[in-house]
Amino acid sequence: MAIGRSAVMAPVPSKLYSDDVSLLMVLLDTNPFFWSTASIPFSKFLSHVLAFLNSILLINQFNQVVVIATGCNSCNFIFDSSSVPANPNLENGRMPALCSNLLQKLEEFVTGDEKLSKEVLAAGIGSSLLSGSLSMALCYIQRVFRTGPLHPQPRILCLQGSPDGPEQYVAVMNAIFSAQRSMVPIDSCVLGAQHSAFLQQASYITGGVYLKPQQLDGLFQYLSTVFATDLHSRRFLQLPKPAGVDFRASCFCHKNTIDMGYICSVCLSIFCKHHKKCSTCGRKRQSSLEG
Amino acid sequence: MPGEVVKRARYKTSVKDSGVAGVLKMTEDKFVFMPNDPTSSARLDVEFRFIKGHKFSKGGSNKPALLNLTQDSEKGGGYIFEFENHPDREVCREFVGKALAKFSEASKAGSEQSAVKLFDEQLSTIEMERRIKLLREDSELQKLHKQFVLSGVLTEAEFWATRKKLLDGNTSRTSKQRVGFKSAMISDLKPLTDGRTNRVTFNLTPEIIHQIFAEKPAVHQAFLNFVPNKMTEKDFWNKYCRAEYLHCTRNTVAAAAEAAEDEELAVFLKHDDILASEARRKIRRVDPTLDMEADQGDDYMHLPDHGIFRDGSKEIIDPQYEQYRRTLSQDLNRHAAVVLEGRPIDVELEDTRTVAEALAKSKRVEAANEKSDGSVTQERLERISRMTEIEDLQAPRDLPFAALCIKDPRDYFDSQQANALKTLGDTLAGSKQIKCSLSTQEAYGSLRGFISEIKSVGLSDPIVKPDIALKVLNGLTQNISSTKFHLGKNPQESVLDRLPIITKEELLHHWTSIQELLRHFWSSYPITTTYLYAKASRLKDAMSQIYPKLQEIKESVQSDFRHQVSLLVQPMLQALDAAFAHYDADQQKRSARSGERPNGFV
């Protein structure tokens, strides 16, 4: 699978952005703790994803792909198809330049992320910073929106393996609502053993696709069948729909996922216990109960 | 009611039959027919309690006067009697009607008594009827009632205690409405003249008199003053009718002349002073903030007709006779006011005197009430007028809100339940937290290893094995088509609808019964009395009986549905388990405590 895009992608002034041109933001989960236990090795996973990214770029010459790495301690852009620098040194015959570029950035990112980590032996896998990478993706999309009336149709694809971090609940929900407002669908492909309530809600609210593949060795097939379709074509396709969504919220006080809790009647903050004063807005006495 | 009735009649087995002539004798509890021919076998001796009803032929001289005493509809047939004339038949019919009414009342009382006895409680018949009606209307409720109350798990009172709202809702609906005055005006009461003589007849009924009293306080006052000291009631009404007649003929001059001669008659002819003062008082009570000029001109007592004239005739009035004139609009307004005020008293309209006195009493009470809250009213009015100056700064008093109304709660709960089950299944599957034994360094190291591995090896070729790709593709299309054809068809369709109907019904029934039991169970905590203790253990026993039934359902269904059914049953079992756990914990605490204090209560 080779691609002919090694040349500098100078911005084409007469870019014809038809309705099937996509801007795909891929959020790549690089939680090392998850990948050390995952049922598919990270290298295998990367080869599926890289092939998928290549095929996206092949579908339409104006398609744009941006990859953001979601680490445990940081997030960063590791690839942007609109600004791939020409670096012939990386072309080694085994790998298209695009891929080697991405992998190099990824390696740098992982090293940087490790430096940031504090040596704390967590009991579980721990979560990755989904809220951070979602926000970065949305910021990027906002910038694209402001370039002019003509721009590719953006969407976000989360390749998530780590479990949800309930402490990120508020930030993730804010990102979800912001995506909903700017009509950016969030697609989710969950690679871990558990369903992700965050991503279920994200896809449900923004009108994206939520999928938890059963056969991880066929990941590329899933990606190309379900997530490669642009937003315009989705109107004519039957994409998988989840049968149910976990709508449970996290409380603001202990960041626990709760089935039932107290809601501040003024600012709608959620608490697992009854507090005399709302810690978010300072309003006294909340008594409403949500189911 | 006379003790017995004896009439000549012909007994017939059918309407066409010529019949047997004889004598029909009716007493309070039976009727006997003796044929004139003593050898005839058509002899009857029947008790009324075997008679269910009676029919009779229409009155008319050319038709035979028939009376049919019908028996039980199942047995069919009846006893047909033909009387010599209609009056004879009428007498017998009335007698039969009264006798039957007596029997049906007695039997009804008997059945009500038995119903009350069944529930072993002191309840009014109305309350009982309401409950029976609710049970009859709601088959689900009836099932629950049968299951728990009749089997003794819950008492009647406990069962209804959680449904007070249902019972209350019906009370308000059955409230009696008061019957007001008819909106027809009494002036419609026309004098009848019989053409030949000069006599004019007015027809007054107690109902009309009551209305006259209400509409014309002066007449009412006069009645109280004059009758029976000064004149008889008959004379009084004669005078009244004469006055009315004068009004009718619109002969104001004659009216003035007669009023001058007869001071009692004048009362009826002149303007009603009581009414006038009442009107002035009402005008004074008009809200001062009302944006309307309430002045002398609004006094309808002195307003000329608005171009409307009674009987379409126009007349020019000498101001001298002004006070003897009554306009249509005056009558109309007064009548409207009285109809709107409603019927203030509830007395039998038989004796005119009592009606008049009762009306006077209620008027006095009204006046007293008005006087006592007069100062309060004034204060309120002042406040209102102060407030109205800044009314646009006031918050809207009734915030618009719509009551939450879930028409069929099952629609909502089914969908919620399906969602809950889904996530429940997921969390159960994923609850095994994968422990990561690697240190941070090792973890990052392995991740970097993977990256360098792909760098050196390159992308795998082929990326996906064809058979796996096919498998994925098949899986995806199947999943999509199944959700499309099973779930997508009808958004309201739930998991339950795909189960066999019997299983669905059973599951729903168990749900409702478990909910009922759990509600009672949890509401009996904390246990403070021995009664609650007994109730909790009673409920626990009942719940443990349902438990194996749920297992049975799970095993009885076909394998295709077993997974779904077990998902549905799971929350029920969990709810029951939680209750059992609580019961056991409480039991333990209780026994530990009673160990310390052997004499402590249970």
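Two strands count as paired if DSSP finds at least two bridges between them. The model discussed here is predicted.

Q: In what order do the seven strands of the open sheet in chain B lie?
A: The order is β4-β3-β2-β1-β7-β6-β5, with antiparallel pairing.

Q: Why are β4 and β5 of chain B called edge strands?
A: Strands β4 (44–47) and β5 (53–56) of chain B each pair on one side only. On average, neighbouring strands of the sheet are turned by 30 degrees against each other, direction ignored.

Q: Why is α5(A) called roughly parallel to α6(A)?
A: Helix α5 (residues 169–181) and helix α6 (residues 197–206) of chain A pack at an angle of about 20 degrees, and their axes are 9 Å apart. Angles under 35 degrees count as roughly parallel, and therefore α5(A) is roughly parallel to α6(A). The crossing of these two helices is right-handed.

Q: Which residues make the contact of α5(A) with α6(A)?
A: From α5(A) come Tyr169(A), Val172(A), Met173(A), Ile176(A), Phe177(A), Ala179(A) and Gln180(A). Helix α6(A) contributes Phe198(A), Gln201(A), Ala202(A), Ile205(A) and Thr206(A).

Q: How do the residues of this contact divide into nonpolar, polar and charged?
A: Nine are nonpolar, three are polar and none is charged.

Notes. Residues are numbered from 1 along each chain as its sequence is written. Chains are lettered from A and ligands numbered from 1 in the order in which they are written. This is a predicted model: local features need pLDDT of at least 70, side-chain atom pairs count only at pLDDT 80 or more; totals for chains, interfaces and linings use all residues. Side-chain values use heavy atoms; hydrogens and water are left out. Helices (H or I, at least four residues) and strands (E, at least two) are DSSP runs, numbered from the N terminus. Axes are lines fitted to C-alpha atoms, for helices over the stretch in contact, and angles run from 0 to 180 degrees between N-to-C directions. Angles under 35 degrees count as roughly parallel, over 145 as roughly antiparallel, 65 to 115 as roughly perpendicular and the rest as oblique. A crossing is left-handed if the near helix is turned anticlockwise from the far one by less than a right angle, and right-handed if clockwise. Contact means heavy atoms within 4.5 Å. Ala, Val, Leu, Ile, Met, Phe, Trp, Tyr, Cys and Pro count as nonpolar, Asp, Glu, Lys and Arg as charged, and the others, Gly among them, as polar.
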